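Hi,

Here is the structure I promised to pass on to you. Have a look around first, and then read my notes below.

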Amino acid sequence: MEASAPGRARRGRRRARAAGSPLSRAAVVLLLSAFAARAPPSVGYLIRLPRGFYLTQDSLKIVGSSNSPVKVYVMLHHKSPHVLCVTQRLRNSELIDPSFQWHGPKGKIVSENSTAQITSTGSLVFQNFEEGMTGVYTCFLEYKPTVEEVVKNLQLKYVVYAYREPHFYYQFTARYHAAPCNSIYNISFEKKLLQILSKLVLDLSCEVSLLKSECHHVKMQKAGLQNELFFTFSVSSLDFEKGRKPCVGRNCDATRRLSKAKNLIERFFNQQVEVLGRRAEPLPEIYYIEGTLHMVWINRCFPGYGINTLKHPRCPECCVICSPGSYNPRDGTHCLPCNSSLAFGARACL
């Protein structure tokens, strides 16, 4: 009995029919273009801090400890939480005539400072945190527990780190039955495919980048020698919206925007299979090979930043700035001690 129309779209069946009459380049482009208009509009999402770093009411105001320095994490180019010049015990007590004085890596901090503000209650707030502001900050507190008692002194230390979200993106690979490897049709098809994929994710402030495109001859069992295009491309989020404006507001959650982009791309390739399955003979010369779309989630830190869940348990999935004397290796995940015997490592030391 003759196979059904969807059945004819199966991978092996399509390979066997590759010798059929090819369609023109215009027909292939038209076939791809039919999918681009089907993408639904993007939707907005809430702002999200890095996974594992939970923003609670208490974390908006960080108290010190008389026993050991307290670690504070401030997102790069963002405003910091309020760093209080009190311990948890003193926070709930009355302080008579309190006096606060802050010192940072570059000396005494004054209230008129444009990058760091000291509030009337002695809290330290960074307005636009930069990498160079990372370091140890010390608050000197003088106060009286009661009017009758003598002045007491307290010194609190904070280690303030710059952090940023990882640079995460999806990496896709897909294969297409192709024209002869030296054919200009393959190049034209590649450009049109990238245009369509880019248009799919444009409203999500994401971009598609071609990482690799190669044409190979593949020997198939019972199907002879076939020409195939091997595509590798990435989908990453942008820090700005369409029109190159800074990305602000609820639409800037990179993880959810990337997830939406991934779903649109998977739907696009699935639709190619469905459309080819409904077509009568012959198949186009260039077409997607069912089941060859594969995806990998890539999670890396920017140079000079790394993830360390043991050293930074309150920010376990943040890319925290590397300490002096360490560098960010090629895998883009961890900060490791410098090694002068390694040429690349020595050059990357901070």
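I184 counts as exposed, because its relative accessibility is 56% and the cut-off for that word is over 50%. Please keep in mind that this is a predicted model. You will find I184 in helix 4, which covers residues 184-201. Together with Y185 and I187, I184 forms a nonpolar patch on the surface, and the accessible area of the three is about 300 Å².

Next, the charged side chains. Side chains of opposite charge can pair when their charged atoms come close. How many salt bridges does the count come to? The answer is two.

One joins E228 and R175, with 2.7 Å from N to O. This pair links distant parts of the chain: E228 belongs to strand 12 (residues 224-237) and R175 to strand 10 (residues 167-177), 53 residues apart. E228 is buried, at a relative accessible area of 0%, whereas R175 is partly exposed, at 21%.

K262 and E266 also meet in a salt bridge, at 3.5 Å from N to O. Both sit in helix 5 (residues 254-278), and because they are four residues apart there, about one helical turn separates them. K262 is buried, with a relative accessible area of 14%, while E266 is partly exposed, with 26%.

Now for the rings. The count of aromatic pairs comes to 15. One of them is Y170 with W297: the ring centres are 4.8 Å apart and the planes are at 65°, so this pair is edge-to-face. Here too the pair links distant parts of the chain, with Y170 in strand 10 and W297 in strand 16 (residues 294-300), 127 residues apart. Y170 is buried, with a relative accessible area of 9%, and W297 is partly exposed, with 30%.

Compare that with F172 and F233. Their ring centres lie 5.2 Å apart and their planes are at 10°, so the pair is stacked. F172 is in strand 10 and F233 in strand 12, 61 residues apart, which again links distant parts of the chain. Both F172 and F233 are buried.

There is also an aromatic cluster for you to find, made up of Y176, F189, F231, F268, F269 and Y288.

Finally, take a look at R164. Its charged end sits over the ring of F302, 3.9 Å from the ring centre. R164 also lies over the face of Y305, at 5.5 Å from the centre of that ring.

Happy exploring, and write back with any questions!

Definitions and conventions. Residues numbered from 1 in each chain as written. Predicted model: local features only at pLDDT ≥ 70, side-chain atom pairs only at ≥ 80, totals over all residues. Heavy atoms only, no water. Patch = residues over 30% accessible without salt bridge, like charges linked within 9 Å, V, L, I, M, F, W, Y side chains within 5 Å. Areas by Shrake-Rupley, 256 points an atom, 1.4 Å probe, with all protein chains shown as cover. Salt bridge = Lys/Arg side-chain N within 4 Å of Asp/Glu carboxyl O. Helix = DSSP H or I, 4+ residues; strand = E, 2+ residues; numbered from the N terminus. Buried < 20%, exposed > 50% of the residue type's maximum accessible area, 1.4 Å probe, protein only. Phe/Tyr/Trp six-rings, centres within 6.5 Å; stacked < 30°, edge-to-face > 60°. Lys NZ or Arg CZ within 6 Å of the ring centre and 35° of its normal.
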